[in-house]
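Dear colleague,

I am handing over the structure below, and after it I set out what was found there. Please keep in mind while reading that the model is predicted.

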Amino acid sequence: KNSAKAMEKELVTCTLQEKEKTAIDRSQIFQIPHRKDLETKVIVVLGKAGMGKSILVQKICQDWSNGEFSQFEFVFWFDCKQISLPEKQYSLKELLLEFFVKPQEGSKEIFEYMLQNPDKVLLIFDGFKGLHDHENFPRCSANQPEKDLCSIKELLSGLIQKKILNGCTLLFTARPKDKLYQYMSKVDKTIEIVGFSPQQRELYITKYFEESIYCDCALKLIKECEYLFSHCYSPVMCRFVCFLCETVLETGEKSLPSTLTEVFLKFFQQKIMFLQTDVATTQNQENLATLARVAWCLGEKHQSAMKSDLIPSKEVKEFALKYGFFLPFAFPRHSDSEEEEFGCTFSDFVIQNFLCALHLLLAEELKDKNLTKYLSFLSKKKKPYNWLDLMPRFLAGLMFLQDDPCFCSLSNEDEKQSTKKQKTLLKYIRRLQIDTLCPERLLELLCCVYETQNNYLLQHVALRLEPKLSFLGIALTPPDVHVLHCILKRSRKEFSLDLQNSSIDMQGLQALVSLRNVTSFRASLSDTVRLWKSLEQTKDYELLKASTEKFVLDPFKAKTMKDISDLCDLVEMQEKMMNCVQEASGCTSYEIPAIRNLRKLEFALGPACGLQGLLKLMKILAAFPSLQHLDLDALSENGIGDEGAKSLSEVFPTLTSLETLNLSQNKITDVGAENLAAALPSLSSLKTLSLYNNNICDFGAENLAKVLPAMTSLRVLDVQYNKITGVGAQQLTDSLRKCPHMKNLVMWNPTIPYGVLEHLHQLDSRISV
C-alpha cells in the first residue's frame, strides 16, 4: 500500500497562454534554462488537494538523501499547515535548524555556511495557501536572520523578494488559483500535477490489493461504480475508495456506495462505530459533533491546524488522534528553557470538508433555511467557500442521507428535522435561475445535485439546462465529466458544448461527444485530434465519423506554433479519414465538416513566431475551401514582412471564398506590396483589404493602383498609416475612377499633406479623410 502511494504522477508544465500536457521527469523539476545561477529560483508545483503534491516533495527529499539533486547540500521541507499559524513567529535560523531539524552541535557554523552558500540550499514549502498574495506581504525586517523574529509571511516575502538567502531555490506547492499567474511575477517555473490516468488508477488499485485475497474482484467492483472510479484520478480519493472497497468485501456486501457522501459516511462509521457499546456510541457521537465544529471554525479561516491547547477538550483530542482524524506536531522553542508546544492538524482535506458539512447539518443554532447559503452555486455577489470545495457537495448529499443507517450511527438527529432540510433544498433549487449561473457555479450545482441522488432534482436541473453550455476555461475533472454526462443523458434537449481549455481527458471527451443529444462541440484541437486518432486505431469508425460531424472549429484563432501544428494535424487527419470512410462505405471522398466550414481564421503569433508560423500555415491554407476572413492583424504585431506577404500571395489562387483579408501592422514594404498586387486579382471574392500601418511607400501604392480595376469584387481598401505621399495618393485616386464597384478608400497618411487629401476627397467622395 505504501509503495502505491508513492507511485509516479504525471507532471504537467503550464504556459500562460495554454495548458498543454507535457510529462516531465522529477529530475527536470529544478532545470530552469536561461536563468542566472546567483539569483533565487522560485518553482511552483500546482495541483488540486489530494493530487499528490506532498508525496512528490517527500519523494524529492528521499531522492536527495539517496544522492540525487547533488546541487543541493541542504534540503528543508515544511508543511505550511503547521508553520503558518498567525500567532507564531520565527527567525530564519529557528525555522531551519529548530523546526525542521536540530543539529546536535555546530548550529551557528552550519547556518553561517548556508548564508555564504545559498545556492546549495533548497527550501520546500508544501501547501502554502497565500502564494498569490505575496506581492502584498508585509516587508521583511529580518536584518539579522539568525535572531529577528518574523511571521511566516514576512519570512517568505523576504525569501521570494531576495532580501533573505538570495541565491537559494524555493519550491512551493499550492492549489491552483484563478489569478495566480498575475501575482507571481517572480516565479521561474510552474508545474501542475494532474492526477492519475485511467491506467494509473487501475495500477494503484491493483497494487493496493496485491497481497489481499480480494485482489481479483476489487478492481472489478470499483470499475463497476463509474462515479467512484472517476474520483480515483485523485490519489487521496483512490486510497479512500480502496479502503472502503476492502471493508465492503470483508463484510460480504456486493456493491459500493454510489456517491462520495456515502463513501465518507461509511468510512466514518467503520472507523469509530464498529462493535461499539451504546455508551461508547453516544460519547463518540458527541466527540464527533465537537470535532466537526472545530473543523468548521478552522475551515472558515482557511486553516487546518491549531495549537493543541485550543482543542475544546482532552477527550476530543484523544478521539481525533485515536481514529486518525488529527495528526500531531511540535513547534520549535525559542530557547531551551521554554516549554515545548504542540499542535494538531487534520490528517486529510477531505475529512475536514466532510466534518464541516456534518457540523452545518447538526449545529442547532443554524436554521434550515440558512443552510443553502453555504452551497457555492449562489449569485455572483455571494462569496463561495472555495477553500472548502467539497463541503457543499457533502452538505447536499447528507441532507438526503439522514435516514441512512450509517448517518444514524453518527448522529442522533430526529427524522422530522431531516425531512425539513430536504424540503428546504428542494425549494431552493426549484427557485434557482439555472440559466443565469456562470459555468463554474453551474458545474457545482450539478455535482451537489448528483450527490443527493434525488430523481426529482436530477430531472429538474437536466430539463432546465441551456442548449448552449460553455465550460470554456473551467477545469473539468473526471468526476465532473461523469456528473455532466449523467445529467445531459436525462434531458430531451439537444446540446452544444464548449469544452475549450477545460483540461478534459480523452476518455471524458469521448463520453460526452458520444451522447446522442450532444449535436455539436468545441474542444482543444489537439485533444480532439488525439481522440480521433485513438478511434481510428481501434477501428471505431462509427463514433469517429459521428464525432467529426459534431466538431466545430469556426472561428479559429491561432496564438501559438502549437495551434498551427494542431491545424496541420487536423488536415492530415482528414486524409486518414478518407481512407477510413472508403474502407467502411466505399466512398472515395470525405471532408471533415470543421475543415469544410471554417470561415474565419485569426492569426496572432506575435513577432517571435509570426513569419515561421505563417510559412507553416500557408502549406495547408488551401484545405479550407470556405475560408472567408483571414485576419493577420494582432495587438503584438505578427511582423510577417515582405517574405510573409510573398508566401501568402502564392496561395491566393486557392482562396476562392476569401472576402476579408487583414494584413495590418505587419511591416510590409513596397517589395511585399508589389508581390501582393500581382496576385490580388486572383482573389475573386475579396471585398475588404486592409494594409493599415505598414511601411508601404509610393511604389507600393502605384502597384496597388494598377490592379484595382481588375479587382471587381473589392469594396474597401485601407492603406492608412503607411508612408504614401501625395504622389502615391494621386495614383490611387486616378485608379479609383476606373473602379465603380469600390465603396471606400481609406488612405490618410502622415506623409500626405492634409490639403492634398482634402482635395482628393472633393474629387471622389469615396476617399476617406
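In which sense do β7 and strand β9 pair, and over how many bridges? The pairing of β7 with β9, which covers residues 342-346, is antiparallel and runs over three bridges. Within β9, G343 is the bridge partner of K307.

This pairing belongs to an open sheet of three strands, in which the order is β7-β9-β8 and the pairing is antiparallel. The edge strands, each of which pairs on one side only, are β7 (305-307) and β8 (326-330). If direction is ignored, neighbouring strands of this sheet are turned against each other by 25° on average. Helix α14, formed by residues 314-322, packs on the sheet, where α14 touches both β8 and β9, and the direction of α14 makes about 105° with that of β8.

The other finding concerns two helices, α9 (residues 215-224) and α11 (residues 235-250), whose axes come within 10 Å and cross at roughly 115°. That angle makes α9 roughly perpendicular to α11, because angles of 65 to 115 degrees are counted in that class. The crossing in which α9 passes α11 is right-handed.

As for the residues that meet there, α9 contributes C217, A218, L221 and I222, while α11 contributes V241, C242, C245, V248 and L249. Sorted by class, the contact of α9 with α11 holds nine nonpolar residues, with no polar and no charged ones.

Notes:
Residues numbered from 1 in each chain as written. Predicted model: local features only at pLDDT ≥ 70, side-chain atom pairs only at ≥ 80, totals over all residues. Heavy atoms only, no water. Pairing = 2+ DSSP bridges. Helix = DSSP H or I, 4+ residues; strand = E, 2+ residues; numbered from the N terminus. Axes fitted to C-alpha atoms, helices over the stretch in contact; angles between N-to-C directions. Contact = heavy atoms within 4.5 Å. Parallel < 35°, antiparallel > 145°, perpendicular 65-115°, else oblique. Left-handed = near helix turned anticlockwise from the far one by under 90°. Nonpolar A, V, L, I, M, F, W, Y, C, P; charged D, E, K, R; others polar.
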